[in-house]
Structures are given as structure tokens and as C-alpha cells.
Amino acid sequence: MSPVLFELLLRSIWETVMMTGASGLISLVFGLPLGLALVATDRGGIAESLWVNRALAALINGFRSVPFIILMVALIPVTRLIVGTSIGTWAAIVPLSIAATPYYARIAEVSLREVDHGLIEAARAMGGNRWTIIREVLVPEALPGIVAGFTVTLVTLVGASAMAGAIGAGGLGDLAIRYGYQRFETSVMVAVVIVLIILVCGIQWIGDRLVARLDRRA
Amino acid sequence: MNQHVTAEVADPGGSRSSDLEDVVRLTDLKRRFGATPALDGVSLTVKKGEILGIIGRSGAGKSTLIRCLNGLERPDSGEVYIEGREIGRLGERELQPLRRRIGMIFQHFNLLSAKTVEDNVALPLKIEGRPQPERLARAAELLDLVGLSEKAKAYPASLSGGQKQRVGIARALAARPALLLSDEATSALDPETTRSILALLKNINRRLGLTILLITHEMEVIRSIADRIAVIDAGRIVEEGPVWSVFADPRSDITRSLLGGIRPQLPADIASRLVPGAGAEVILRIDVAGEAAHGPLLSDLAAAVPGPFRLVHGGIDHVQQQPVGTLFLAVAGNDASHLSQVIAFLKAREARVEVLGHVASPV
């Protein structure tokens, strides 16, 4: 591989890490409260409100049913509004975050739902309010699942960010298509695949280690 | 001697002068789920410092009842007074400070797996907004009380069932409650652990004067620690009174059936041979309590009424330091006057006598 291509590879790695990290962080910040809202407003939840629950569920399902490549194009006006441009790494972070947030909200919802109802009842019997229940019971008890789910979301984002190459976002996927596929640079293709494998394994390894440290259930 | 009061005739209000003595007072509590009533007019009081045991089969309404006391469940009608204050119409926000006056322990312990033992115990104080040093000092004090000081930094997953319930008890006591609710607290524990947990509860009741209301389906639990028993069936209190007196003289079938496991029963092989007509021997069931059970009843009987009788089965039990006995006697069945003399003698000694039947040949 030529030094020019190698430098290109390094830049692409950085772009992929940027896109994945930033949109992952945004999906965590918005997806976790959304997951909490789904659990809390559901029947028997700590803030039961079925119409809010249905509205949130419909919104999430709506975003989740649009394939990412289409969502990306459909969101171009929104992206322009937020970032000022629809091209480049920063521009890709907008559709990636919007796609990952409902995805992560559903994953967080599953973990939060698994928290034993008896624990919520115990907190209520102690005189705890909703905020206490969220802070002392729901989130800490579901934390291993919340972290494991975030790991899954990050890995999914690594894949999705490759598609963002279609709007000129750069990154490893873009590099693999333009050089590895269109210019028959097999070495670039191989390098990209190896880097992606290392990246995904690294994310998964860190996530698994963190979950093991957090899980006190056994 | 029998102080049974049923829910139907219980005084629903007012005339009691010592309202402050009642930590809990329920009047005509009703709650239905769909078509089935879970509570169908329950009236009860729990006095300061006493242990009231509520027993019933599963589905009798016990859980609904206990959950009405801290507002986890709302009754459809009727009033719940906690320390003289009606809580039925309080909102969730107003209930929260009140719940801190009421500790609760659970069948499945409900400890937070992500918190250490001491943080679990300190949680009610954290909810109250107490500073960290005070919380930890109180947690240490309570863990000492329940004998688990060395587990303060452990996580609940590493504890045995009995240890978990001890942590649950420490946690329930953290905010210095006026009342402790126990929701089948020993039902998931083995008999030996159950005994140690019950002994701990009794000890806390004595040392701290803590009022305890417990629900259970096990008569043994009531027998070990309760002062008073209330039997609930199909959402109604069918029998209520001091434990020893209900044990000595159960009035309802459901109470008798619940007592079946721990009170002497006529052995099945004899019961199967009973016939209503004449036979070689008559089988008598004799229930005695208090003074009658204390005295030399059988030797007095032998001296007063000549003629043979045999003790077939039974024994004297001690409930709340009161002797409560059930004896099964076989008396010769061919002499009617002898039999009536035996019965008359026993009745004069305040025993309850029931002729169960005859057996054709001696058992």
C-alpha cells in the first residue's frame, strides 16, 4: 500500500470512529430517557399514560421502519438546518444519531422492563418518588443490560456509518467502495476489512468487560 | 374465656376511647378486581406494640389487605387509619412521607442487586434526604442488630436466603418506622431459617416495641410470634382473637382446616373405622385450654369415674405460654351411663367433648 493510501486509511479510520462515537453518544443521551419513558408510561408503569406510550411507540416504529439509506436522504433538509451542510462527516452524524436513537431506546427498554417489579414496589413502600425509582432502582438494576445494549448499538453504527459514504461522509466504508471496489485496490479492501474487524472486536471486548464489572446479580 | 370477634360485629368506629393506641384501624374495607371481591368488608385494628398475624389461603385477600396499609393498593371503599390519620384519600405525593413511617418486608426480599448490603439498608434514609455519614452509621447499627455486620460491603447475590431477609428487616427498620408490614416474609425460607427470622422479629418487637402486622399462610408462623390472629377467607375476616384462644377453640371451618397441620388430628386409620352405631369403644375428642389443661385432668377422671379409658392420640401444646390440648380417648362403648359420666366429668372441667363415633373392635 502506498503512503498516500495509508494516510487515507488513517483518516478514514478517524472519520469512522468520529461518526460512530458522536452518534453513539447522542443516541445514548436521547435513547435512554426515551426507553425509560416507554417503560414508565406503559400499563402498570410508574407514570402510566397509555396515549403517551402509544405516541412514543409509533414515533419510534416510524423511524425504525425506514431503511437507513433512505432515511439519510430524507433527512437532508434537517441535516442542513442543524449542521449547515448535507455533505461530510459532521453531516452524517445527524441521520446516524436519528436512526440510532430509537434503535437504542428499544434496546434500553428491554433491559429496563426486565427489572423485577418487586424492587419498584419496595422503593415505593419506602416512600420513594418516581425520580428515586428511576435513579435508585430502574437504571442501576438495568445497567448491565443498558451497557450491553449500547455496545450492540455502537457495532451497528460502525456498519451504518459505512453507508454514510453515500453522502460524502468519508470513513472506512467510503474508502472501501471508492478504492477497493471501484479502483480494484485489493490491498485497500483487505486493510479496511481487517480494521473493521479489529474495531468491532475492540468495542465488543470493552463492552463485555464493563458489563462483567457492573453485573452484581450472580 | 373465648374472645372471638368476627368482622361483622366489630365496632366500626368511634366508641373506642383509645384511638391513639391503634396504630392501624381499618373500617369496612372493600376492593374488587373485576367481578371478584378481593376484600369484602374488612374491619381490623392493630394496637401499639402488638403482633397481629393474618392468615388465609392463597387468594383469600391477604396481599391486597396488607398493600392497602401503605397505599400500594387503593380500596374501593372503607377507611384506612394509620396512627389516627386516614390515608385512603391521600395523593401519591402525600403518601410518600407516610410510607416512611411504615417498614415492609417481602417474601422475595426485594433487595437491590446493584447496591451493597449497607447501601440497601441505608436506602430509606437516602430517600428521606439524610446525609451520607448518618446513613452509614444507622446502617451499621442495624446490621449489628440483625447480626450481619461483616456483610456490610457484600452484594446481596452472595447472601443466603435467611441473610437476605435479615438485610430486608434491617432496611425496613432504617427509618425508625411505627409499623412493620411483613408480606409472607418467611414463605421462601427453609424451616430452620424461618425460625431464626421469626425469633429476630419477635426480639425486635420486644426490644423496640415495634408494632408488626404480618400475613402468612403458615399457622406455624402465627403460633411462634403473633399475639393476635385474624383469619381471612374470601375477602372477609372470619375469625379473630388471641392466638391461644383461637387455637383452643376454632370457630370456623377454614380456621380448623388451617390448624390441621399443627394441631393433633384423629389418625386416619382410626377415622376410617368409625361407625355411627354401637361398637366396642367410643372415640371422644377432648379440647382443653388454660386451667383445665394445666390440672391433672386424666388422673382426676380415672379417680372420679371408675372404668377403663385409653388415650389414643393427642397432646398438650403451649401457645403464648397457655396450655392448649387436644386428646383423643377411647372409652368402653357398651355402657351408656359410664360414657355419660365421663362426658359430664370432662365438661365440668371446662373441656369441650365431642363424640366422634364408635369402633367395632378396640383400636
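**Six-stranded sheet of chain B**

In this predicted model, chain B holds an open sheet of six strands in the order S6-S7-S8-S3-S9-S10, with mixed pairing. Strands are DSSP runs of E with at least two residues, helices are runs of H or I with at least four, and both are numbered from the N terminus; two strands pair if DSSP finds at least two bridges between them. S6 (102–106) and S10 (236–242) of chain B stand at the edges with a single partner strand each, so one side of each has no neighbour in the sheet. Neighbouring strands are turned by 15° against each other on average, direction ignored.

S7 (residues 179–183) and S8 (residues 211–216) of chain B pair in the parallel sense over five bridges, and Leu181(B) stands opposite Leu213(B) in S8(B). Helix H5 (residues 161–173) of chain B packs on the sheet, touching S6 and S7 of chain B, and its direction makes about 165° with that of S6(B). Axes are lines fitted to C-alpha atoms, for helices over the stretch in contact, and angles run from 0 to 180 degrees between N-to-C directions.

**Antiparallel strands of chain B**

S1 (residues 22–33) and S4 (residues 77–82) of chain B pair in the antiparallel sense over five bridges. Ile82(B) in S4(B) is the bridge partner of Val24(B), and Arg85(B) in S5(B) is a bridge partner of Ile82(B). In the hairpin of S4(B) and S5(B), with two residues between the strands, Glu83(B) takes a positive phi near 45°.

**Contact between chains**

19 residues of chain A are in contact with 18 residues of chain B, contact being C-beta atoms, placed from the backbone, within 7 Å. Helices H6 (117–125) and H7 (130–163) of chain A each supply at least two residues of the chain A side.

**Conventions**

Residues are numbered from 1 along each chain as its sequence is written, and chains are lettered from A and ligands numbered from 1 in the order in which they are written. Local features need pLDDT of at least 70 and side-chain atom pairs count only at pLDDT 80 or more, while totals for chains, interfaces and linings use all residues.

Conventions
Contact = placed C-beta atoms within 7 Å.
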